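Thanks for taking a look at this one with me. Here are a few notes to read alongside the model.

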Amino acid sequence: MNSNINETMGPREWVMVVGLSILWGGSFFLIELVIQDLLPLTIVLLRVSIAALALWVAAGMLGLSVPRNIRIWLAFFVMGLLNNVIPFSLIVAGQLYIASGLAAILNATTPIFTIIVAGALLSDERVTKAKLAGAGLGLIGVVVMIGPSALKGIGENVFAQLAILGAALSYAFAFVFGRRFKDTGLSPVTTAAGQVSASTILLLPVVFYFQNPIALIELPLIGWASIAALGLLSTALAYILFFGILARAGTTNAALVTLLIPIWAILLGSLVLEEVLQPIHFIGMSLIGLGLATIDGRMFRRKT
């Protein structure tokens with residue numbers, strides 16, 4: 001599976017990673033606006049279905065055709081399970097019993113799981129001390145930024161915490177599995193459209209069993225605006241960037257997004273909700289930045 005993957009990212013790849021982290025970081029703010037009106041899985045279904053529609057329209061405008069190979073569609077369904085259905089469901093289940101801060105910290109273990117899984121399954125993404133050290137520094141930075149007090153609940157509600165860790169592990173396998181789409185020659189637009197379409201098909205019967213459809217009719221305008229932004233920006237555009245990063249820079253670099261997400265969530269809270277940034281936030285961000293530089297390795301090679 002060595003298809004010209006460059007693990008040392010250039011400016012374009014870093015811009016893609018930062019852009020993706022902004023889109024996914026903003027999704028937490030958008031979800032807060034509708035979480036009181038809709039069940040979590042209903043929100044997930046709406047965002048992936050809207051994204052699927054938008055992506056297929058974009059694919060048509062770009063002259064991209066719908067894949068007709070059954071193996072590709074089976075891969076879309078596996079990717080939808082690993083990257084959407086399983087982790088979203090586990091995170092929802094976990095957050096019913098543990099605080100969001102602890103959930104964010106546990107979810108930030110994704111790069112560590114990804115380094116291990118990729119190292120075991122991919123010949124061109126071996127585990128290195130720099131990768132593990134960088135992921136560890138990034139995780140410490142997340143803990144510092146969110147606040148060490150978020151760790152107070154660790155050891156309690158063990159199954160809920162295992163659910164969040166299970167979601168992080170599922171993302172790791174999704175990042176590794178997603179590498180295969182580079183070899184199909186499909187555009188990131190087509191790949192993203194196929195994945196969210198498969199997720200929509202898988203979630204549709206489950207959501208309509210648990211959610212009263214009338215709840216959608218009663219959703220306020222701000223709720224629909226949030227859902228539209230979730231679908232078009234935090235899902236459709238985000239997954240185009242995601243599959244582009246996977247193809248250009250590999251699984252470990254794609255997983256770095258999970259370390260940057262808390263930064264944008266806190267910055268958006270400061271800008272939109274007028275929350276005050278504390279010195280501890282900047283210390284945490286600095287540690288995350290150091291962790292990313294360690295994984296990239298370029299700065300240390302130049303020094304040597």
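1. A word on terms to begin: helices (H or I, at least four residues) and strands (E, at least two) are DSSP runs, numbered from the N terminus. Read in that way, the chain runs α-α-α-α-α-α-α-α-α-α-α-α-α-α along its sequence, which comes to 14 helices and zero strands.

2. Please keep in mind that this is a predicted model, where local features need pLDDT of at least 70 and side-chain atom pairs count only at pLDDT 80 or more, while totals for chains, interfaces and linings use all residues. Residues are numbered from 1 along each chain as its sequence is written, and side-chain values use heavy atoms, with hydrogens and water left out.

3. Now the chain as a whole. It has 304 residues, and 50% of them count as buried; buried means under 20% relative accessible area, exposed over 50%, and partly exposed in between (1.4 Å probe, protein chains only).

4. Contact means heavy atoms within 4.5 Å. Among contacts in the chain with a separation of 6 or more, 88% join residues 24 or more positions apart.

5. Do look at the loop between helix H1 (11-32) and helix H2 (40-61), where Leu39 is found. Leu38 lies in that loop between H1 and H2 too. Is Leu38 buried or exposed? Leu38 counts as buried because its relative accessibility is 4%, whereas Leu39 is partly exposed at 39%. Leu38 also sits 9.4 Å from Gly223, C-alpha to C-alpha, although 185 residues separate the two in sequence.

6. Ser234 belongs to helix H10 (residues 221-249) and is buried, at 2% relative accessible area. A polar atom of the Ser234 side chain lies 2.8 Å from the backbone oxygen of Leu23. Leaving aside residues up to four places away in sequence, Ser234 touches Leu23, Trp24, Ser27, Leu30, Arg47 and Ala229.

Methods:
A polar contact is a pair of N or O atoms within 3.5 Å; within protein, one must be able to donate a hydrogen and the other to accept it, and residues adjacent in sequence count only if both atoms are side-chain atoms.
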